Structures are given as C-alpha cells and as structure tokens.
4 protein chains.
Amino acid sequence: MKQSEIAVVGGGIIGSAIAYYLAKAGFQVDVLEAGEVGSGSTQAAAGMLGAHSEYKEFGTSLYPFARSSQKLYEEAEAAIRSLTGIDIERRTGGLLKLVFKEEERARLLELCSLEGVTWLDHASLTDKTPGLAESVLGAVHMEEDVHVTPAIACNGFRSAAQVLGAEIHTYTRVEKIGKEAGHYQLQTSKGKWQAERVVIASGVWSNSILEQTGLGSSIFPVKGECIAVTNTQAPLRCSLFHDQHYIVPRNNNELIIGATKVENDWTTEPTLGGIQTVMEKARQMLPGIDEMPFRRSWAGLRPQTFDGKPLIGEHPEMKGLFIAAGHQRNGILLAPATGKMIADLLSGNDVSEEWKEAFRVDRPYSNEEVLL
Amino acid sequence: MKQSEIAVVGGGIIGSAIAYYLAKAGFQVDVLEAGEVGSGSTQAAAGMLGAHSEYKEFGTSLYPFARSSQKLYEEAEAAIRSLTGIDIERRTGGLLKLVFKEEERARLLELCSLEGVTWLDHASLTDKTPGLAESVLGAVHMEEDVHVTPAIACNGFRSAAQVLGAEIHTYTRVEKIGKEAGHYQLQTSKGKWQAERVVIASGVWSNSILEQTGLGSSIFPVKGECIAVTNTQAPLRCSLFHDQHYIVPRNNNELIIGATKVENDWTTEPTLGGIQTVMEKARQMLPGIDEMPFRRSWAGLRPQTFDGKPLIGEHPEMKGLFIAAGHQRNGILLAPATGKMIADLLSGNDVSEEWKEAFRVDRPYSNEEVLL
Amino acid sequence: MKQSEIAVVGGGIIGSAIAYYLAKAGFQVDVLEAGEVGSGSTQAAAGMLGAHSEYKEFGTSLYPFARSSQKLYEEAEAAIRSLTGIDIERRTGGLLKLVFKEEERARLLELCSLEGVTWLDHASLTDKTPGLAESVLGAVHMEEDVHVTPAIACNGFRSAAQVLGAEIHTYTRVEKIGKEAGHYQLQTSKGKWQAERVVIASGVWSNSILEQTGLGSSIFPVKGECIAVTNTQAPLRCSLFHDQHYIVPRNNNELIIGATKVENDWTTEPTLGGIQTVMEKARQMLPGIDEMPFRRSWAGLRPQTFDGKPLIGEHPEMKGLFIAAGHQRNGILLAPATGKMIADLLSGNDVSEEWKEAFRVDRPYSNEEVLL
Amino acid sequence: MKQSEIAVVGGGIIGSAIAYYLAKAGFQVDVLEAGEVGSGSTQAAAGMLGAHSEYKEFGTSLYPFARSSQKLYEEAEAAIRSLTGIDIERRTGGLLKLVFKEEERARLLELCSLEGVTWLDHASLTDKTPGLAESVLGAVHMEEDVHVTPAIACNGFRSAAQVLGAEIHTYTRVEKIGKEAGHYQLQTSKGKWQAERVVIASGVWSNSILEQTGLGSSIFPVKGECIAVTNTQAPLRCSLFHDQHYIVPRNNNELIIGATKVENDWTTEPTLGGIQTVMEKARQMLPGIDEMPFRRSWAGLRPQTFDGKPLIGEHPEMKGLFIAAGHQRNGILLAPATGKMIADLLSGNDVSEEWKEAFRVDRPYSNEEVLL
Ligand SMILES: Cc1cc2nc3c(=O)[nH]c(=O)nc-3n(C[C@H](O)[C@H](O)[C@H](O)COP(=O)(O)OP(=O)(O)OC[C@H]3O[C@@H](n4cnc5c(N)ncnc54)[C@H](O)[C@@H]3O)c2cc1C
Ligand SMILES: Cc1cc2nc3c(=O)[nH]c(=O)nc-3n(C[C@H](O)[C@H](O)[C@H](O)COP(=O)(O)OP(=O)(O)OC[C@H]3O[C@@H](n4cnc5c(N)ncnc54)[C@H](O)[C@@H]3O)c2cc1C
Ligand SMILES: Cc1cc2nc3c(=O)[nH]c(=O)nc-3n(C[C@H](O)[C@H](O)[C@H](O)COP(=O)(O)OP(=O)(O)OC[C@H]3O[C@@H](n4cnc5c(N)ncnc54)[C@H](O)[C@@H]3O)c2cc1C
Ligand SMILES: Cc1cc2nc3c(=O)[nH]c(=O)nc-3n(C[C@H](O)[C@H](O)[C@H](O)COP(=O)(O)OP(=O)(O)OC[C@H]3O[C@@H](n4cnc5c(N)ncnc54)[C@H](O)[C@@H]3O)c2cc1C
C-alpha cells in the first residue's frame, strides 16, 4: 500500500496549484489524477483572469479573493519559470467589455471607479482594436484582467510542484475514501493508498466522493462550448467580452471564441447548435471573423455550485479532509489563491475569516439566484 | 531517366480510375502524383453518384455519360473487391430531393419520368426518414443515386491498378512537359521522366500544365466547405438534398453536410462564415442536427470549367497527350466513365462521337451561363 | 425517474450487440453508456474474428462459441445492412499465421485438420502476399478468420438496435445499482433510472459495479498498443499474424499494426516503448513497412479475466441481473454470440449447458495459467 | 493588377522576418505565401538557436552571423511583445551537448573557450537534468543556445510586420516571375502582381523560381522526421543534443525529439523507419522516455545548399531581385540576421563585406563536403 503525507485528488489547475503551494510549504504531496493532468475542465477554458469583469457577480467575498489571485499569478509566473523553465503564457493587454447600447454603458461605467478600469470610446477603441464592429459604442477596459493559456498554466504548477518534490500519479482514479485507525484510505484504480490528509480537487466530478463523506450533492456541470479560428487580420491585443461571450487571442494567432452555458449537460462534445451560438456572438463583436479559417471546437464542464462560490475548506466532521472544488467559470483565475489558502489552512497559517466563511463547505443553500 | 509507356499526371479519383482502366486494358502505367493519392479534391467530396439529381444541369450529353458511370460502378465495385479485398463503401438507399414549396414540387415532378425516380409524399417520407423537418412537403426519391466514400473509392481504383501492374509514384510533382524526339519529357520534383503517352488528370491544378501546351486557362476552383456530425438519432438511409446542399450518411454514423460554392477561392480551410451557411441549410432539412456532436470541417476545390462539362480527349496538336480534368462537382460520379473513355481512346476502341464532341478539350467557350 | 424493461450498462460492441439481439427478440431496451458508443476498448481493436487462430487457447468451450459467433456475423452483416444501410466492413481474405522456424511449423500444422485451415508454403505465399519477409517458411491460412472494422461493426449493431426500437443514452454513467421493491434502481450521472432487468456490459470497467453486487473483482486490464501506417506497396489481402502480433489491412489502405500486452496498466496512451515493440514485430513480417508513412497510434484495454473466458450469465443471487463482460482480446469476435446468448437467456430459450457452465459468473478461480 | 513596393515570396520564418525588418525600415511590403504562414519547413523545426553547437560546421563566416542573430532575437522578442502582445516562447536553459565517449569529450572541450560555453561533469549534470542516461560522461553546456517555438516565432514576426503595415496574402502561389518596363511581374494563383523589388524567400521550394532567373538549381531537400512525447518525469530545463539528434522541451511539457536526415526526399510524412531511428537516439540520452506517452510525429524539409551556407543577396543580373533561401537546419536561428541583412541591403545601409561574399547567390560550387 502506498502512503502519502497529503493526497490531492485531481490534477486540474486547482489540484496542481494546491500541489505547488503545499510542496512549497514543505509538505510531501501526491497528486492522484484519474486521467492526465489538466485534461478535465482546465484544458477547455479560455484562461481569462477576469477579476474586474465579474466584479458584480463576485460580490463582497469573491472579488478580493479573485484580486489576490490575480496578484499571486505574477509571483507564480516568475517562480514557475525559475523552477522549470516553463512560461505560463500570461498575456497582457487586458479585457475589453464592449458596449453596444446606452443602457449597457450606464451599467458598466460604474466599474470605472475600480483600480485599473477605464472607459474607451469608439474612436480610441478602433485604433487599438482594428476590425471591431462599427456598432460598438465604446468599452470598459480592464487592464489587469489579463489571460493565460490554461493547460500551460496548469502544467507550470504541476512541473514546479514536481521540482519541489511532489509526485504526480496519472491514470489513478480514486473510487472510495474511508478512514481507518486514524488514516485516510483511498481505493484507486491502481490499488490502495493511505494518506494522513486528503484534499479533494476533482472539479465537477467531486460529488461522487463528497457524497461518501456525507456532504450533499452541491456541484453540477454547466457545459461550455468553444471554437478557435486563425486570425488573419491585424493581431488582437485584448480579450473582447460581451453578454457572457468572448474572444481571446493566443500566441499562435488563434482566437479562442466562447462559450455557451448548458446546465446539467455532462457531454463533452460541442453540438452544432452550440457552435452556431458562439459564432453569432463573436461576429457581432468582430465581423471579419466570418472570413477566418476555422480550426477546432471543444467543450468543457464548469463545476457549478448553488451560490456561485467555490467550496474551499475542511470537512466539518472528517478532520484532515479538505475540499477545493466548484470554481465554476473562474477556476483558472482562482487557482493560485485557492492553492495558497489550502496550504495556509494545512500549515495552520492565518486565513481571512471572511473567506473561510464564504467558501465553507457545509454552508447552507442560499436563496440567491445562481449566477451561471 | 525513368520511362513509362503511359504517364498519368495526378492521382485523384480521375487519375486513379484512368490507371485502373488502362492497366486492365494491358498498358504499362505510371501515376505521378504531387502529394498523396486522393489528397486533392477527392478526399473532400461527399461521394454522391447523382446522375438523376443533376439531370437538368447535365443536359443531353452529360446525363447518359453519368448514367453509364453509375453502372460502371457496380462492375468496378466487384472487380476491386476481388482484386484487392477493398470495399469501396457504395451505400444504397439513394437520394431524396426535398420539396418545401409547391413550385419546387412542380419543377421536380418532371424528373419522375426517369427510370428509378419516384415521388414520396410527406407521410411515406417521414416513415423512411425519421427526424425530417415538418415543413417538407415531400421528396423525389432517386433510388440509383447512391453514394460511395470518395477516398476509399479512389484507393480502391489505385490498389486495383497496382495489382494489375500500374506503379504509383507519390510526392512526384510534374513541373514541365515537353516533347523531344517523339517522346514526352516530364520534369518532376523527383527528376526527369520520359513517356510515350501522357494523361493530364491533375484536377483543378491542371491549368499550369495545360498552358504549357498552348491550351487556354479553362479550369478554375469553386471551393466547397463541409462539416461532419455524429448522428445520434435513428440512422439515415438516404442522402438528403435541397437547394444545392445535402446530408450524406456514412457507415460510422457520421453525417457529411455540405457544401458552399465559392468561386475562384484557392484556400482549402473552411471559414467560419462557410460553416455557418452549411449548418443553416442542414438544419432546415433535419432540425435535430442542432443537438448532434460536431466532428470536423474541411474544404475542397471543385475543378470548374466554363460550360460545366469536363475536358476529356486528346490534345488537338500534341498527339499522345490526353486530358481528363474539370469534373466540377461530379468527379466521383464520373470517374469510371472517364477512366473507361480514356482507356478506349488509347486502345483505339469505339467511343461515342457525341461524348467526344461534348468533352473536346479545345471546344469554344459557349455563352451558356456556367452552372456551379 | 426513467423506466426501462431492460437496461444495458455499457455501449461497447458487447452492449451494442446485446441491445440488437434483445430488440430483435422484442424487448424494450435502453443502453446507458458513460461516454460515446464504442469509445472504450472497442474502438481500439483490430477486429480480427480469429476463431481458428486462437483454437488452442480457446479450449473446448470457447472454440465452438467463437465459431458460432463467426457464423452469426454473416447474418448480422446482412441484417444490419438491410435495417440501417450500414456495411460493417467485414473483409474476407482471412488470416495467415506465419511460420519462421521449423518448430513453429510443427505446432501449427495440427490446426490444418480444422475446417477452412490450410498450409501454404513460401512460394504460394509470396505470390499472394507480395512484400512478405524472405525468412517466412510458410503460413497456416485460416480462411474464415476474416475481420471487421470494430467501431463500424459496433455502430452497426447500435443503429440496427435503434431501428428495432432500442434507445441509446450516451454520457450516462451508471454509478450505483440497487434493488428496491423488486425493481432495479440505477443511479446515473443523468439521474435515477428504474429497470426490471439489467445487463452489465461495461467491459474492463465492470468491476466497480460488480463489486456492489457482491461479486469479487475478476476483471483486470491488459493494455494493448497499436499503430497505423499507409500501405504504399501492393494491397494486403489477408491479416498477418506471428507471435501475438499482427498486421490487419483496412479499406483505406491503412495497415493496423498491434499489439502489446501490458497487464494492470490503466493508461490509454501508447508509450514510446510500446510503439517500438510493435514496429519491430511488424518489420519481421513485412520489412517494407519501414518505408511506409506513419499515421497514428493508440491504446486500448482488454477486459481480462482470471481464466481467459468471459463472464456471461445471471447473477447467482440477484435475479434479473445479467453480466456479459471480460471478453479479453476477443470481444469483437464474440459479440454476436454473446448478444444472442443473453437474449436467449432473457427470453427463456434453450442455451447450451456447456456454455452456461463455462461462462458462469461465479465460477471458481481455476489454477490454469491465464492466457493473455 | 495589384502593386507592391516590395513583394516577399514565401511566408516562412525567413519571409516573415524579412517582412518585419522591411516594414520597420519603412518599406511597403506584401508577403505572397502559397499556403498558410509558417506551414512549410518552419512549423516542423525544433527551434534551437544553436550558434555554438554548430560552431565547427559554421566556419568563419556563418558563426558571427549566427551569433548576431541570437542577439537580435532578444530585441525582436521585446519588440514583438510590445507591438502585438505575442510572446515567441524563447526558453532559456540552453543546450547540453552530451558526451558518451572520451574521444567526444576531447573534441568538444575545445568549444569551452567560446563565451557562454562550459563543461559539466556527470555529477553536476544529473543534478540539473534528472533522468539522464547513466552512461553520459558529461556535457558541454551552451547557455546561450536557447530555443523558441518556431511556428510562434514566425507568427510573431508576421504579426509585428502587419502592425507595422505589411500585408500578408495567404494561398497566393507565385508561379512565374518576369520583368517588364522596369517592373517585376509576378504571375500568381490569385492573378497578376506588379512589384518594384522582389525577395525570394520560399525555402526549399525556391528552385523553380530561381531557375526562371537563370540561377542554377542549388537548393535541395533534406527531410527531417520528429516525434513528440509528454514528459511525465521532472521537467527538462535544457535541450539535449548528441550525434545530430536532440530532445527539446516545450511549455506544455512536450519533448520534441528529432531528427533524421534523408537527402532528396520530398515526402512530408514520417516513415516507420524514421520514427524508429529518432526513438533510439533519444532513448540513449534519456532512457525514461520509453515510458512516456507518444503524442504525434511529423516531418519537414530542410532547404539544403551545396556548401551549407544560405543564399542571401541580390541577383547578379536582375537588379532589385533578392534571394534569401537555403538556411538548411538553421533557418530559425538565422531568421532575424537574414531579415535585417535584407532590409539593410534594400535600404542601402552598410552590410559586412564578409557576409555578402559568403552568402553571394552566384558563388561557385565549392569542393567542401556538404554538411547536412
Ligand atoms: C468553456 C469554458 C471556459 C472557461 N473559461 C475560463 C476562464 O476564462 N477563466 C477562468 O478562470 N475559468 C474558466 N473556466 C472555468 C475553469 O475551466 C474551471 O473552473 C477550472 O478548470 C476548474 O479546475 P479544476 O481543477 O477544479 O477542475 P478540472 O480541470 O476538471 O480538474 C479536475 C481533475 O480531477 C480529475 N478527477 C475527477 N475525478 C477524479 C477521481 N475520482 N480521482 C482522481 N481524479 C479525478 C479529473 O480527471 C480532472 O483532471 C472555463 C470553463 C469552461 C468550460
Ligand atoms: C465539397 C465537395 C463536395 C463534392 N461532392 C461530390 C459528390 O458528392 N459527387 C461527385 O461526384 N463529386 C463531388 N465533388 C467533386 C469531386 O470531388 C471532384 O470532381 C473530383 O474529386 C475531381 O477529381 P480529380 O481526380 O480530377 O481531382 P483531384 O482529386 O484534385 O486530383 C488531382 C490530383 O492531381 C495532383 N496534382 C496536381 N498537380 C499536379 C502536378 N503538377 N503533378 C502531379 N500531380 C499533380 C493533386 O495532388 C491531386 O491529388 C465534390 C467536391 C467538393 C469540393
Ligand atoms: C489493441 C487491442 C486489439 C484488439 N483486437 C481484437 C481483435 O482483433 N479481435 C477481437 O475480437 N477483439 C479484439 N480486442 C478485444 C476487444 O476490443 C474487446 O474484447 C471488446 O472491445 C470488449 O467490448 P466491450 O463492449 O465489453 O467493452 P468496451 O468496448 O470497453 O465497452 C464498454 C463500455 O462501457 C462503458 N462504461 C464503462 N463503465 C460504465 C458505467 N459505469 N456506466 C455506463 N457505461 C459504462 C464504457 O464507456 C464503454 O463504452 C482488442 C483489444 C485491444 C485493446
Ligand atoms: C526536422 C527539422 C528540424 C529543424 N530544427 C531547427 C532548429 O532547431 N533550429 C533552426 O534554426 N532551424 C531548424 N530547422 C530548419 C528550419 O526549419 C528551416 O531552415 C527554416 O524553417 C527555413 O525557413 P524558410 O522560411 O526559408 O522556409 P519555409 O518555412 O519552408 O517557408 C517557405 C515558404 O514559402 C512558401 N512558398 C513556396 N513556394 C512558393 C511560391 N511559389 N509562392 C509563394 N510562396 C511559396 C511555402 O509555402 C512556405 O511557407 C529544422 C528543420 C527541420 C525539417
């Protein structure tokens, strides 16, 4: 039987960031991943670090957490490069929330009081972003809402964790979790595993393990469909965003176009109808997209929770069992802050009481409408 | 310097069928192919053998030629299986030309006088084709307009030709053609080649060679974009056709959905706009397609001619130089008849005078509008 | 809650064939498939129907079962074509078990007493199979050990079942099975399901469900790695086989080259070392393979059992719960016979007592060495 | 007819870098690219900037040119990021030339007199590079021989050129070049083009145009085959190099493993034999590679010249016609220096006489053995 000080269940960006911060704090960590690292929701994401762009939806607790995560990315980027040689492809330029109607402008202008958020009118915009639709009135520019390439960022955390001593076990699915004689026992597709402490970070697939621990079923999938085209026009510097859809540029001149929101759909293949939807939204922002060569399409599942906030913390009854899952459409953004919070909790360091309360794993179902 | 009795320039379905019929007739044949066999327009095609569905566009000469080709496919299918073990995936079921409006019905009903063509009303249709749009009034069923998988059919002709002694030379681009001391000299990317007779079958790329022989520039591309989805509903037995767009079923449950028509576009990547167009047309025929998983997209170039008929015959001045190109959107259908006609011409067998005249390589530009 | 007369858990070739034979027998069937139909071991298989080639390993019970399955394929092929239009790509030509050494010849010659099995010496072989290694002494030709394209055959069974009324539910993972008030209750990723009878056909992943029913852990993975090349030489008519490795031709001129055997490895990506192994074995049979273009590589998991025979039958205690899993390296071959046996058991038809006993799901572990 | 001040024929990394330096110098540039930007040899390259590692082969003229190019990459990296947001993925860590035998050590130690080159013995190596073969005696570390991702670097130059006003015309193949009334006339697949000056940068495909200008056939292909695996061990910081083969790490944890050298082979598909060769070489350096999952394989053509040096300069008779082609296995390394040299020549700036002479396009065939 294999033994770990800490077993992290799941090697998406959340599990990988946790492994990095734990290894950095000196723990001996094993990541147990059912498939390959980053092959779940993580590889499907656009990679925007949209702390400001989700300001309203985030509310009081999540916004500062998201901002702290944005800032941790700067440190993490440098540390990963120095430990592994890997660049996580954090692209500056920020995000433009486009405005097509006067009422949108009014709503968005509020955001301009935030640090790093400014209003650009049509003229200054088109200069910066050739090809933008004529009908765009202006945009709110969120300079610090930069983006990374999610699979690469995940790989960066994983590799840095490895250099710091963590071990990554792929194709190791955890099927059952129990406690015997004070140790956690994990039954996996590669045999039994014993661990002193366990962190569940298996994203949208966390429920089946959580249920074994007596926690209700609180995470459900919101499928998102995306496509990529090759930009044949002038390069795009910023991400474009409107009405929950977006266009994000990559180093290889691909534009990532997303994404639909389909609740409770577990399929991971994009449908014709879904592709059509994202095409239409993208065309409204960047009409020239119609002439661009189509590359590929894919879908991923956002791990949604009832109140739009992740579950981060210790199990109320099973001591030593931690959960970090349910990051919805913001898991890339929130990965470093989540990793650090888990490492702090396990190290006994101080952690914001507000965050502990807001992300408590057994918090009651609230009445607020879920924000997808 | 390599020597051939007959060099066929191009290994698409036309060149491959020619090689097969020539080898069968006892000639020693070398196919010189710039890339891989079938990698040009052929692999992009849907594979409908639509002799009846194009009855009107075909006119008096092309229809009997197309019908003869349909019939040759039956023989060819058996011969290829017996020589090589390969099945060319000729699927029965035929083609349904859908009718949404009364005026379409009137126009199409004429076709029902043709052999193997019948009218099906809404009720008898939906029984046969579950999932069809409610708004379909009925359809003309063309029972003999079956379909093949183009790349496989091309491979079948090529392999059968090989068994009969033909040699296939891939990655051998013919750059120049000339005549010295009574022999054709071909300059290729793999060195010089000498041949007694030459057949140009390089599809939409034939112009650059034809021009060297004094023939005008008569072939131009009409790009076609396609997508494939996986059918998750009941299997489709027939191809569906409406307003130049179609849905063709494959053995693996994929539905091939095509195709746009973009003149003089040499790009071979589908654009976002093109994909959108074929999606919309397909949805009109089979609404459930919106729920089906998207698989891939591609584009190909139809080798178009000014009057919609292929060029098949001997060069007016350069004896021993034959041309078989410009099969537009019907090269899969017309491949066996073209191969046989070329073999007959080279063997000195009788060939229909009408076809010789209709497909003459130096026929004058006509005034008829080109039918794309 | 959804309700079924019979729920089949798993839509690989075994589950699909079961659905077909059950639907044909008039049952109302729902297939619950965790991912997409055929996406498990089935899509990775070579597709040989090697009843004779495994004669010795099969022993007394499995050989007649395998032969009956080979014969059922003829009927199934015709029925599937007639119901769905799909051709399952059953290629004739059979299989050549190659002999490089005198002792191999001796061992294999015994097989020639079987129906449809003959000895070919070097001379008659090379005629039939140009390109074969010079060092091959001869081969045993198993004419009836033809092959299909596994994904297509699986799709054929599935589509025919659909036409006969079965329903296929993809992305529906069964997580728990229980019995309440005389009905089976299945907990799935898409909610609860009730069924009167259940057939477990989830291949190598069957253990986690079987364990819930009190059956021991009797199925384990044997990973197999494969590659495909494009045959640039004359077409291959037969499959080639030597020392557990093989080369199988497809309609598109690809040669499927397999396969390694790695026990208890759950990974589904081929490794460099695995690819190297199959390359070397293939080169011994067909040296020209070194010049052929490489296309792709993949791996699959054979559902192995302790004694090399599948588990087919009713649960000893839970009435109405059937199991059909553990078909190792022969699930494609055995699919129709398995489907028919399950349908006969559920219909109350006669079934060979010998087969019932040999494949009994609670048979004791035997001492015989497992044949991988 | 379209008109350009300068037409660059070819949009590989050489043509793209030229476009960038010309646009930066204020010229109005059009790039005419037969397919897509970077789709030729460029996308197949490993991306090592191996000025030191090729010190000996480079000789007196090429080494300083290569070093200047390495340095230009630093500037170009920053300029591209600032103009376009694109990061060209220039990874530090350098290159390790591994030594397995005493005689190799002797030969390589000489290099340690060069700036940035040091000797590492076995002990200091394995610390830096876990997983290295036990039999490695040591390595010469070339710290400045870093690497980029070629397709991304090419895209960076192209996009920066676009921002500076250059226009990129894809799927525009130049078929003929001539001069009329003092202007260059280019016949392309998209119609006629007129240009005041022309730069031929069509890599290994340059001959067919060069021949039209009276220059002999001086460029031929040397095919290189590569594979990629996913590194499942600790991250690799440096490229590994031995006996013309190498392992280069990427941000996504892929290891690029290359490459064979096959002269005068125009095929762009890797063969089984080629893949086997690179696997074996890689295993000698990093034995654990055998356990790593295989990802993909590809091949590219190095544009080789008779004496191992590129052709860079003006045509001896046709004024205003420039050539920049034949960069063999070093085109990624040499791209910025080539781009800058062309821009300097066209601007009338000073250019090293030594380089002008060494890369003269009509230099005589030398007797030196070609270094592949
Ligand atoms: C279309 C789309 C766009 C998005 N865009 C953004 C964006 O721009 N910005 C942003 O911040 N976020 C974005 N997201 C959200 C982001 O992708 C997720 O929040 C994030 O990837 C969640 O990471 P995770 O590690 O929790 O989950 P995953 O990446 O899914 O990782 C969970 C891992 O656990 C493994 N696993 C599951 N079960 C088990 C088990 N039993 N045993 C062992 N391992 C197991 C899985 O194999 C998987 O690798 C987007 C999501 C989608 C779908
Ligand atoms: C979207 C689409 C759908 C279609 N659907 C149908 C259909 O349903 N039914 C139907 O009948 N037809 C269909 N077609 C038309 C059909 O694909 C073409 O008519 C047919 O493939 C033409 O065959 P070919 O052999 O002439 O050309 P190609 O297949 O293009 O072959 C020409 C070959 O010549 C080679 N070559 C070019 N230049 C040289 C050179 N200089 N030296 C050596 N080799 C050279 C090329 O590499 C190529 O392989 C469709 C076409 C498209 C694009
Ligand atoms: C390399 C290789 C070569 C082979 N070659 C041959 C050959 O030449 N001839 C031959 O006869 N056989 C061959 N085989 C063996 C053959 O592939 C298998 O025996 C056969 O595919 C098993 O079929 P199956 O339906 O039982 O399993 P699978 O095809 O794996 O199907 C099981 C299905 O169950 C689903 N599933 C799993 N768990 C659940 C759940 N909890 N709820 C719902 N669904 C679930 C899976 O998603 C899967 O689709 C080969 C195998 C390999 C790996
Ligand atoms: C396996 C391999 C590994 C390598 N590794 C390295 C390495 O580590 N470091 C390094 O420095 N170099 C490396 N190289 C070499 C490097 O790839 C080449 O030297 C470089 O890509 C050449 O660039 P290019 O722009 O001249 O050619 P290409 O990239 O081939 O570009 C030429 C372009 O011209 C276009 N074209 C052709 N004909 C026409 C026409 N008639 N009209 C219009 N356009 C046309 C083509 O489509 C193409 O896009 C490697 C090469 C290979 C094959």
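This is a predicted model: local features need pLDDT of at least 70, side-chain atom pairs count only at pLDDT 80 or more; totals for chains, interfaces and linings use all residues.
A residue counts as buried under 20% relative accessible area, as exposed over 50%, and as partly exposed in between.

**Stop 1: chains A and D.** Select these two chains together. The contact draws 27 residues from chain A and 27 residues from chain D. About 2100 Å² is buried between the two chains, with 39% of it on carbon and sulfur atoms. On the side of chain A, select A:Pro235, A:Arg237 and A:Asn251, which lose the most area to chain D and together account for 24% of what that side buries.

Stop 2: Next, select helix 3 (55–84) and helix 6 (150–163) of chain A, each of which supplies at least two residues to the side that touches chain D. Helix 6 gives the most, with 6 residues. By class, that side of chain A holds 7 nonpolar, 12 polar and 8 charged residues.

**Stop 3: aromatic rings.** The whole structure contains 30 aromatic pairs over all chains. Select B:Tyr55 and B:Tyr63, an edge-to-face pair at 4.6 Å centre to centre, with 85 degrees between the planes. Then turn to D:Tyr55 and D:Tyr63, also edge-to-face, at 4.6 Å and 85 degrees. D:Tyr55 is partly exposed because its relative accessibility is 31%, whereas D:Tyr63, at 14%, counts as buried. Finally, select A:Tyr20, A:Tyr21, A:Tyr73 and A:Phe157, which form one aromatic cluster.

Notes: Residues are numbered from 1 along each chain as its sequence is written. Chains are lettered from A and ligands numbered from 1 in the order in which they are written. Side-chain values use heavy atoms; hydrogens and water are left out. Contact means heavy atoms within 4.5 Å. Buried area is the accessible area (1.4 Å probe) that two parts lose on being put together, summed over both. Helices (H or I, at least four residues) and strands (E, at least two) are DSSP runs, numbered from the N terminus. Ala, Val, Leu, Ile, Met, Phe, Trp, Tyr, Cys and Pro count as nonpolar, Asp, Glu, Lys and Arg as charged, and the others, Gly among them, as polar. Rings of Phe, Tyr and Trp (its six-membered ring) pair if their centres lie within 6.5 Å; planes under 30 degrees apart count as stacked, over 60 as edge-to-face and the rest as tilted. Buried means under 20% relative accessible area, exposed over 50%, partly exposed in between (1.4 Å probe, protein chains only).
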